[in-house]
Amino acid sequence: MCARLFLSALLFASFVDHGGCVGMDDDLDHDDLVGLSSEVNPHSMFYQSPIDLESKEAYPIELSPLMFKGHWTLGHKPLIKNNDETVEIGEASSAKYHASLRGGPLHGTYKFSQAHFHWGNRSSHGSEHTINGHQYSMEVHFVHHHSKYKNIKEARGKVDGLCVVAFFLKVTEKNPRTNNRFNLIVHHLTKLRSAKSEEAAEPNILTCLKPIATPGDYFFYYGSLTTKPYSENVLWIVYPKWASVTESQVDEFRHIRGAGNKVIKSNYRGTQDLNGRTVYWVTATSDEYSY
Ligand SMILES: [Zn+2]
């Protein structure tokens with residue numbers, strides 16, 4: 001059985017496992033979840049994110065390599081901005097996306113929309129997902145939408161609309177070392193303290209995450225946005241490896257001001273119930289799909 005069919009079967013099995021019990025909305029049955037309807041049920045709050053990822057409970061599968069294209073050399077005038085809630089990095093022209101993601105659990109190509117950050121008021125917490133109960137200092141999200149939808153707005157209402165890749169950053173007390181690549185992001189932050197401020201960014205601004213973004217060795221599961229409207233149409237890819245950063249680097253994020261000129265000390269959502277979902281642990285096959 002090819003990897004994609006095998007995966008579809010697994011996903012179907014995982015949804016069927018829930019039978020008719022899919023949340024508070026009795027109108028939603030599993031047909032909606034497996035794609036016979038492409039619209040997201042806006043009222044469901046059953047497959048929420050983030051979650052705790054338990055490595056012992058994850059279902060191991062082999063998939064084609066996950067391929068990042070263009071994330072490390074962003075084109076089309078990359079921008080870094082304070083969007084009121086977080087620091088966001090993206091390409092200036094939404095009509096000319098450059099970076100894309102394919103392979104692994106994805107059916108088709110997903111276009112990069114933006115990267116953003118979650119942090120806490122102390123470095124012992126701040127990540128949204130946790131690994132075996134452990135929370136990291138920060139979490140970075142690379143948000144993508146399926147290329148068959150015009151833009152992220154159109155993809156928001158579709159069950160296969162979004163894919164978010166999550167990376168962890170951790171302040172290490174032993175042998176703290178400045179992460180020079182992370183400074184490509186951090187050095188902008190003093191100029192972005194006011195809400196809605198922005199400036200041009202370097203094309204290689206995200207390269208501090210490149211060593212983590214391997215073709216395999218990640219978790220994936222189906223969940224939701226972690227901010228409003230919490231839509232349940234996100235395929236989450238979460239790397240358990242983390243990049244080392246320093247306390248002073250993370251502290252720069254804690255000076256960002258959001259709505260009402262209030263300092264954003266913390267902007268992460270706590271973990272949600274798994275509610276019987278299957279979490280997969282992916283290793284990459286050596287062969288690649290042809291698209
Ligand atoms: Zn996020």
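## Secondary structure and overall make-up

Helices, of at least four residues, and strands, of at least two, are DSSP runs numbered from the N terminus. In this predicted model, Asp 84 is found in the loop that links strand S4 (78-82) with strand S5 (87-91).

The protein chain contains 5 helices and 14 strands. Of its 291 residues, 41% are buried. When contacts between residues at least 6 apart in sequence are considered, 73% join residues at least 24 apart.

## Non-glycine residues with positive phi

Asp 84, in the S4-S5 loop, has phi near 95 degrees, a positive value in a residue other than glycine. Asp 84 has 14 other C-beta atoms within 10 Å, and therefore counts as partly exposed.

A positive phi also occurs at Asn 275, about 50 degrees, although this residue is not a glycine. Asn 275 is placed in the loop between helix H5 (247-253) and strand S14 (280-284). Asn 275 is partly exposed because 14 other C-beta atoms lie within 10 Å.

## Cis peptide bonds

Ser 49 and Pro 50 are joined by a cis peptide bond, with omega about 0 degrees. Pro 50 belongs to the loop between helix H2 (30-33) and strand S1 (52-53).

The peptide bond from Lys 228 to Pro 229 is likewise cis, and its omega is near 10 degrees. Pro 229 sits in the loop between S12 and strand S13 (234-245).

Strand S12 (218-223) is mostly covered, as 6 of its 6 residues are buried. Tyr 218, Phe 220 and Tyr 222 point one way from the strand, while Phe 219, Tyr 221 and Gly 223 point the other way.

S12 runs antiparallel to S14, to which it is joined by 3 bridges. Within this pairing, Tyr 218 stands opposite Val 282 of S14. S12 is also antiparallel to S13, with 5 bridges between the two strands. Here the bridge partner of Tyr 221 is Trp 236 in S13.

## The largest nonpolar core

The largest nonpolar core comprises 65 residues, and those with the most contacts inside it are Val 164, Phe 220, Trp 236 and Ile 237. Strand S10 (residues 162-171) gives the most to this core, contributing 9 residues.

Leaving aside residues up to four places away in sequence, Ile 237 touches Leu 66, Gly 104, Cys 163, Val 165, Ala 166, Tyr 218 and Phe 220.

Leu 206 is located in the loop between strand S11 (198-200) and strand S12 (218-223). A residue is classed as buried when 20 or more other C-beta atoms lie within 10 Å of its own.

Not counting residues up to four places away in sequence, Leu 206 touches His 71, Trp 72, Leu 74, Ile 89 and Ala 115. Leu 206 and Ile 185 are 21 residues apart in sequence, and their C-alpha atoms are 7.6 Å apart in space.

Technical notes
Residues are numbered from 1 along each chain as its sequence is written. This is a predicted model: local features need pLDDT of at least 70, side-chain atom pairs count only at pLDDT 80 or more; totals for chains, interfaces and linings use all residues. Two residues are in contact if their C-beta atoms, placed from the backbone, lie within 7 Å. A residue is buried if 20 or more other C-beta atoms lie within 10 Å of its own, exposed if 12 or fewer, and partly exposed in between; C-beta atoms are placed from the backbone. Two strands pair if DSSP finds at least two bridges between them. A nonpolar core is a set of buried Ala, Val, Leu, Ile, Met, Phe, Trp, Tyr and Cys residues joined through C-beta atoms within 7 Å.
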